[in-house]
Amino acid sequence: MSLAALLLALPVSVPSERCVPGAPGAPGADVAIEWHVAPVVELWFEVRALAASDDEPQGELAGAVAAARAALDALGSERAFGLLEGRLEDCQDVDDLAAAFGSLPRRFTLRTARGPREIDLHETGARLVAALRPLEEAWTRETWPARKRELDARRDQLQVFFERGEARAWSRLCELFEFASGSQTVPIWLVTRAPAPGGFTHRARKLGAASFIALRSAAERGLSELAEIALHEGLHALEVRHPRDTLFHALHAALEAAGRAPGDPAARNAVHALFFAAASAVVQAELDPGHVPYGESSGLYDRAGPEAARVRALWKRYAAGELARAAFLDAFVEASD
Ligand SMILES: [Zn+2]
């Protein structure tokens, strides 16, 4: 065997570093959610939620909401807000936000479905900071204490809920999606509200990924629904942190081999459908047998169409060990067509 071949073979020859489906005692259980709340993160998403609503906000938040709407126009999509929101990981107050946004680039080329789009992230961030600063004092004094009590109480309830089986839940997800083992946390910020769909995960410089979950969507979210969304966002975080050698990469590679363009939205949706299926099944298996999947309670499954339903059915068979990996990949490509 040549040296090059040996080097290529090395990662495969160290199976103890990988979660291998079906391997007894597969590593990967050492993943845990790290919950956060922060006044400026709560203020940020309050403004973002108001900006995304049809309401015309009155009073002191109106200026910041207008700035958030202007930022959305400048960024061109909700998704691009992640370029700013990934930097909330370090922020407690508006000064932190100013420091975090201060190094944003003035010229950033965003790849969109309609081609490249150049945006001034630095200016967009600076305008939002300037709009939030006048609100901070009253927000911290009058609004934040009650918000913090509610967020802390919900976080405590979630921690108790997850005590029933968080380690097993992550172990199972890690095993199925082939995430490398090792101790890691999934940082999640709880906020009262946020724009739809109320759960986001963004690339973050220090933590790798940062997730944000709203307690209220259209309505108050129950604990098992919040837990499913936390695991779902955690899967996004692990996907961001593991840029190769996972089931996601195998799925995307299989789709591309079948002629689907990289980044094809329908293909991305098909892979994303697995997140819903996997996170809800793990909540039912490890945390709450009576859990109603978020896709059902939110009407998402009804809207998602037959491909997503086929993909979920396949996933169920794969997770139950009824389909080998290669057969699953083939069937997935077919089902998502
Ligand atoms: Zn998602």
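**The sheet and its surroundings**

Strand E6 (residues 208–214) is mostly covered, as 6 of its 7 residues are buried. A residue is termed buried if 20 or more other C-beta atoms lie within 10 Å of its own, exposed if 12 or fewer, and partly exposed in between, with C-beta atoms placed from the backbone. Helices (H or I, at least four residues) and strands (E, at least two) are DSSP runs, numbered from the N terminus. Residues are numbered from 1 along each chain as its sequence is written. The model is predicted: local features need pLDDT of at least 70, side-chain atom pairs count only at pLDDT 80 or more, and totals for chains, interfaces and linings use all residues.

E6 pairs with strand E5 (199–204) in the antiparallel sense over 6 bridges; two strands are taken to pair if DSSP finds at least two bridges between them. A hairpin of 3 residues connects E5 to E6, and Gly 199 has Ile 213 in E6 as its bridge partner. E6 also pairs with E4, here in the parallel sense and over 4 bridges. In this pairing Leu 190 stands opposite Ile 213.

Strand E4 (residues 184–191) has 7 of its 8 residues buried, so it is largely enclosed by the rest of the structure. E4 runs parallel to strand E1 (residues 31–36), to which 6 bridges join it; Ile 33 stands opposite Val 186 in E4.

Together, the 4 strands form an open sheet in the order E1-E4-E6-E5, with mixed pairing. E1 and E5 stand at the edges with a single partner strand each, so one side of each is left without a neighbour in the sheet. From one strand to the next, the twist averages 30 degrees. Axes are lines fitted to C-alpha atoms, for helices over the stretch in contact, and angles run from 0 to 180 degrees between N-to-C directions.

Helices lie across this sheet. H2 lies across E4 and E6 and runs at about 60 degrees to E4, whereas helix H8 (residues 223–241) lies across E1, E4, E5 and E6, at about 160 degrees to E6.

Which residues of helix H5 (residues 94–102) are buried? They are Val 94, Leu 97, Ala 100 and Phe 101. Seen down the axis of H5, its buried residues fall within an arc of 115 degrees, so they line one face of the helix; the arc is that of the directions from the helix axis to the C-beta atoms. Their cover includes helix H2 (39–52), helix H4 (82–85) and helix H6 (121–163).

The domain assignment divides the chain into domain 1 (31–240) and domain 2 (246–335), the bounds coming from an automatic or database domain assignment. Their centres, taken over C-alpha atoms, are separated by 25 Å. In all, 21 residues of domain 1 are in contact with 17 residues of domain 2, contact meaning that the C-beta atoms, placed from the backbone, lie within 7 Å. On the side of domain 1 that touches domain 2, H6, helix H7 (166–177) and H8 each supply at least two residues. The largest share of that side, 9 residues, comes from H8.

Notes. Contact = placed C-beta atoms within 7 Å.
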